[in-house]
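Subject: Structure handover

Hello,

Here is the structure for your files. My notes on pockets, packing and contacts follow below it.

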Amino acid sequence: MREKILTYIEHNSRIDLADLAMMLGTDEATIVNELEAMENEHVICGYPTLINWEKASVEKVSALIEVRVTPQRGMGFDKVAERIYNYPEVDAVYLISGSYDFMVSIEGHTLREVADFVSAKLSPLDSVLSTQTNFVLKKYKDHGIIMAEKHVDEREKVSL
């Protein structure tokens with residue numbers, strides 16, 4: 001039951017609970033109780049809204065920063081990750097495989113704001129060995145949602 005609830009709300013967190021109960025063949029109270037239990041257990045961590053800031057005419061700069069670190073004795077990567085994710089500018093931190101250890105996602109209002117974060121806050125951390133900043137030029141798909149306009153072919157069809 002939990003997996004089915006999670007699958008539905010992952011794609012539409014605003015789904016009407018009565019509709020969800022009907023789709024799953026149960027009552028609304030069961031759904032409410034399961035959701036509350038999963039929230040208390042931190043299985044469900046929040047209900048964010050995905051916004052296309054380009055369409056809202058709001059200037060935002062997104063960056064994905066690869067970070068190479070020295071893990072701390074006894075704590076591994078967790079302590080370093082905690083120091084990074086506690087910065088309010090940071091949207092996400094992932095432990096990754098490859099030549100870097102973390103992928104850090106941040107948003108700022110300008111390139112300078114992102115650069116200042118990297119140079120003044122992230123790079124000086126004791127455990128950080130190196131960083132590589134990648135700026136997002138355009139989002140085509142985010143969290144499973146297509147953000148880009150579909151291309152419409154405006155050419156006329158010609159028959160011979």
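Helix H1 (2-11) and strands S1 (61-69), S2 (90-95), S3 (102-108) and S5 (141-142) each supply at least two residues of the lining of the largest pocket. H1 gives the most, with four residues. Helices (H or I, at least four residues) and strands (E, at least two) are DSSP runs, numbered from the N terminus.

Ground rules: this is a predicted model, with local features needing pLDDT of at least 70 and side-chain atom pairs pLDDT 80 or more, while totals for chains, interfaces and linings use all residues. Residues are numbered from 1 along each chain as its sequence is written, and side-chain values use heavy atoms, leaving out hydrogens and water.

Pockets

The largest pocket has a volume of about 1,400 Å³. Of its 34 lining residues, Pro48, Thr49, Leu50, Asp142 and His143 are the closest to its centre. By class, that lining has 17 nonpolar, nine polar and eight charged residues. The classes: Ala, Val, Leu, Ile, Met, Phe, Trp, Tyr, Cys and Pro are nonpolar; Asp, Glu, Lys and Arg are charged; the others, Gly among them, are polar.

The second largest pocket comes to about 430 Å³. It is lined by 18 residues, and Asn52, Trp53, Glu54, Lys138 and Lys139 lie nearest its centre. Its lining has eight nonpolar, two polar and eight charged residues.

On method, a pocket is an open set of points on a 1 Å grid over the protein atoms alone, where a 1.4 Å probe fits, with protein on both sides within 12 Å along at least five of seven lines; lining residues have an atom within 4 Å of a point. Grid points are joined across faces, edges and corners, and a volume is the space filled by probe spheres set on the points.

Helix H4

In H4 (residues 78-85), Val80, Ala81 and Ile84 are buried. They cover an arc of only 100° around the axis, which puts them on the same side of H4. The arc is taken from the directions from the helix axis to the C-beta atoms. The buried residues of H4 pack against S1, S2, S3 and helix H5 (111-122). Buried means under 20% relative accessible area, exposed over 50%, partly exposed in between (1.4 Å probe, protein chains only).

Aromatic pairs

How many aromatic pairs does a search of the whole structure find? It finds two. Rings of Phe, Tyr and Trp (its six-membered ring) pair if their centres lie within 6.5 Å; planes under 30 degrees apart are stacked, over 60 edge-to-face, the rest tilted.

- Phe77 and Phe102: ring centres 5.8 Å apart, planes at 85°, so edge-to-face. Phe77 is in the loop between S1 and H4 and Phe102 in S3, so the pair ties together parts 25 residues apart in sequence. Phe77 is partly exposed, at 25%. Phe102 is buried, at 2%.
- Tyr87 and Phe117: edge-to-face, 5.5 Å centre to centre, 85° between the planes. Tyr87 is in the loop between H4 and S2 and Phe117 in H5, so this pair ties together parts 30 residues apart in sequence. Phe117 is buried, at 3%.

Two single residues

Ser105 lies in S3. Its relative accessible area is 17%, so Ser105 is buried. Leaving aside neighbours within four places in sequence, Ser105 is in contact (heavy atoms within 4.5 Å) with Ala63, Leu64, Glu89, Val90, Asp91 and Ala92.

Lys55 sits in the loop between helix H3 (28-40) and S1. Lys55 is exposed, at 55% relative accessibility.

Regards
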